[in-house]
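Here is a short tour for anyone meeting this protein for the first time. Have a look at the model, then read on.

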Amino acid sequence: MPQTVCSGTMFTTPSGFSPHLACAEPGEEEAPQEGPGPGACLADGPPITSASLETLIQNLVPTADYYPEKAYVFTFLLSARLFIPPPELLARVCELCIKQQQLDQSPLDTAKVRKFGPKILQLLTEWTETFPSDFRDEKMVGYLKDIIHRIAPCDEAYWKTLNQVLQKLSQRLALMSQGEESIVKVSLNASSISDKLVAFKTKPPPIQKDMLSICSDPYTLAQQLTHVELEHLSHIGPEEFVQAFVQKDPLDGTQQPCFSDQKKKTSNLEAYVRWFNRLCYLVATEICMPAKKKQRAQVIEFFIDVARECFNIGNFNSLMAIISGMNMSPVSRLKKTWGKAKTAKFFILEHQMDPTGNFYNYRTALRGAAHRSQTANSNRERIVIPFFSLLIKDIYFLNEGCANRLPNGHVNFEKFMELARQVGEFMTWKQVECPFEEDRAILHYLHTAPIFSEDGLYLASYESESPENQVEKDRWKALRSNVLGKT
């Protein structure tokens with residue numbers, strides 16, 4: 001199982017992220033801030049490893065002469081929701097801006113505000129673009145409008161920028177809602193068909209379509225699987241990963257709150273996990289369905305080739321789903337079928353996804369795909385779709401191994417730099433536009449084709465190749481009675 005050790009040597013600072021802060025020693029109070037504002041917190045010294053929440057907020061606030069590094073903005077906005085609701089955080093940022101820039105005074109210092117204006121606009125733009133779901137809360141939009149209204153008298157261009165930010169935000173939120181509804185609709189549609197299949201208490205009739213009748217080219221199917229993967233990834237926001245941190249704090253055993261959108265929570269992430277499970281069962285169903293051994297062997301060989309093409313593309317999530325489906329017990333027990341199939345390539349792929357050494361082989365391949373993506377000249381070469389369940393487990397173990405707060409009450413910022421590194425990589429990969437042309441017939445089949453439940457798979461497997469021992473015979477008899485209504 002993946003493990004993340006809470007050690008200074010295990011953390012790497014995100015590229016371009018080099019904020020420095022004079023922090024108090026554990027147990028000591030922080031020295032009062034002096035100088036023109038939060039920019040005074042940045043000085044030569046070691047990277048931030050911990051600080052009070054108040055100090056971290058101050059470092060987020062821009063001034064006329066200071067703007068936080070982009071990696072710091074992402075790291076703090078990602079992790080701060082564990083300690084303070086986004087509306088409260090934005091209210092605090094605006095409050096500090098008003099106080100430091102004297103935006104509640106009349107007349108305003110025009111020269112000073114004109115230096116400050118572009119920086120606060122940049123911060124708000126980054127926030128709306130990276131964490132748009134935060135702005136589903138009307139309070140967030142209200143705070144955004146208020147701070148811009150305060151600086152707008154110094155430069156009319158700020159009004160135009162505000163309108164552009166709000167327009168893009170509105171469009172982004174609308175697209176997010178449409179995408180989420182579409183994903184849910186597809187998921188429910190697939191589930192209802194599966195339920196009907198069980199209700200019929202029968203295997204699909206011979207005239208039932210199968211994958212090979214829809215698509216017989218492994219490369220084409222791998223391309224369409226990549227479409228589905230990237231579509232799911234596009235709807236997962238960085239804040240959903242923070243939900244993995246809603247666990248007991250290892251330091252004191254208390255439950256850590258998370259102040260992200262409670263209505264949405266991890267709905268997109270969960271939908272993506274359901275897709276992985278569906279693909280596993282679809283592969284297993286396609287293999288177990290044919291009545292003839294030769295046809296089953298052909299399906300096995302086909303999915304081996306699809307898995308290989310997924311590997312070449314950089315689609316590791318579909319690759320693992322296919323391998324998992326082929327390794328399900330109802331499929332792996334079909335010894336006569338496997339004996340008929342050419343499986344050398346399958347064992348090579350299994351080796352690539354071997355969990356030994358904390359998935360060492362897979363992680364090596366992933367680093368290779370990531371390097372290819374960084375130096376790519378086309379979207380085809382930029383595709384990196386990680387094995388998603390392992391990414392979630394890595395984040396889970398990061399949380400389990402490190403406290404969110406240190407004994408002196410400081411935020412363990414070192415932990416959240418590592419979280420931001422992992423999530424930041426994912427955010428880069430998910431932005432790739434799929435270069436392959438959509439095939440609606442194949443996509444429709446992937447989303448709606450009937451799949452067997454686990455019992456249905458076992459029954460189909462036993463019908464294809466008879467039980468080999470008494471345990472299997474007893475199970476077969478029970479399944480025929482329960483699923484087919486036979487005695």
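Helix 4 and helix 5 are roughly antiparallel to each other. This comes from a predicted model, in which the two pack at an angle of about 165° and their axes sit 10 Å apart. Since angles over 145 degrees count as roughly antiparallel, this pair qualifies. As for handedness, helix 4 passes helix 5 in a left-handed crossing.

Which residues actually meet here? From helix 4 come Val113, Phe116, Gly117, Ile120, Leu121, Leu124, Trp127 and Thr128, and they meet Met140, Leu144, Ile147, Ile148 and Ile151 in helix 5. Sorted by class, the residues of this contact are 11 nonpolar and two polar, with no charged ones.

## A closer look at Ile120

Let's zoom in on one residue from that list. Ile120 is found in helix 4. Is it buried or exposed? Its relative accessibility is 1%, so Ile120 counts as buried.

Setting aside its neighbours within four places in sequence, Ile120 is in contact with Pro62, Cys97, Ile147 and Ile151. Ile147 and Ile151 belong to helix 5.

## The whole protein

The secondary structure consists of 21 helices and zero strands. The protein has 487 residues, and 51% of them are buried.

Its accessible surface comes to about 23300 Å², with 52% of that belonging to carbon and sulfur atoms. Among contacts with a separation of 6 or more, 78% are between residues 24 or more positions apart.

## Helix 1 and its cover

Helix 1 spans residues 53-60 and is mostly covered, with seven of its eight residues buried. Those seven are Leu53, Thr55, Leu56, Ile57, Gln58, Asn59 and Leu60.

What does the covering? The cover over these buried residues includes helix 2 (70-80), helix 3 (86-100), helix 4 (110-130) and helix 18 (413-430).

Helix 20 is another mostly covered one: eight of its 11 residues are buried. They are Gly456, Leu457, Tyr458, Leu459, Ala460, Ser461, Tyr462 and Ser464. Their cover includes helix 9 (267-288), helix 10 (293-313), helix 12 (329-332) and helix 21.

Take helix 9 to begin with. Helix 9 and helix 20 pack at about 25°, and their axes are 9 Å apart. That angle makes helix 9 roughly parallel to helix 20, and the crossing is left-handed. Tyr281, Ala284, Thr285 and Cys288 in helix 9 meet Glu454, Leu457, Ala460, Ser461 and Ser464 in helix 20. By class, that gives five nonpolar, three polar and one charged.

## Where helix 20 meets helix 21

On to helix 21. Helix 20 (residues 454-464) and helix 21 (residues 470-482) pack at an angle of about 115°, with axes 10 Å apart. Here too the crossing is left-handed.

Helix 20 brings Asp455, Tyr458, Leu459, Tyr462 and Glu463 to this contact, while helix 21 brings Glu472, Arg475, Trp476, Leu479 and Arg480. How many of these are nonpolar, polar or charged? Five are nonpolar, none polar and five charged. Compare that with the contact of helix 4 with helix 5, where no residue is charged.

Note on methods
Residues are numbered from 1 along each chain as its sequence is written. This is a predicted model: local features need pLDDT of at least 70, side-chain atom pairs count only at pLDDT 80 or more; totals for chains, interfaces and linings use all residues. Side-chain values use heavy atoms; hydrogens and water are left out. Buried means under 20% relative accessible area, exposed over 50%, partly exposed in between (1.4 Å probe, protein chains only). Helices (H or I, at least four residues) and strands (E, at least two) are DSSP runs, numbered from the N terminus. Contact means heavy atoms within 4.5 Å. Axes are lines fitted to C-alpha atoms, for helices over the stretch in contact, and angles run from 0 to 180 degrees between N-to-C directions. Angles under 35 degrees count as roughly parallel, over 145 as roughly antiparallel, 65 to 115 as roughly perpendicular and the rest as oblique. A crossing is left-handed if the near helix is turned anticlockwise from the far one by less than a right angle, and right-handed if clockwise. Ala, Val, Leu, Ile, Met, Phe, Trp, Tyr, Cys and Pro count as nonpolar, Asp, Glu, Lys and Arg as charged, and the others, Gly among them, as polar. Accessible areas come from the Shrake-Rupley method with a 1.4 Å probe; for residues, only the protein chains shown count as cover.
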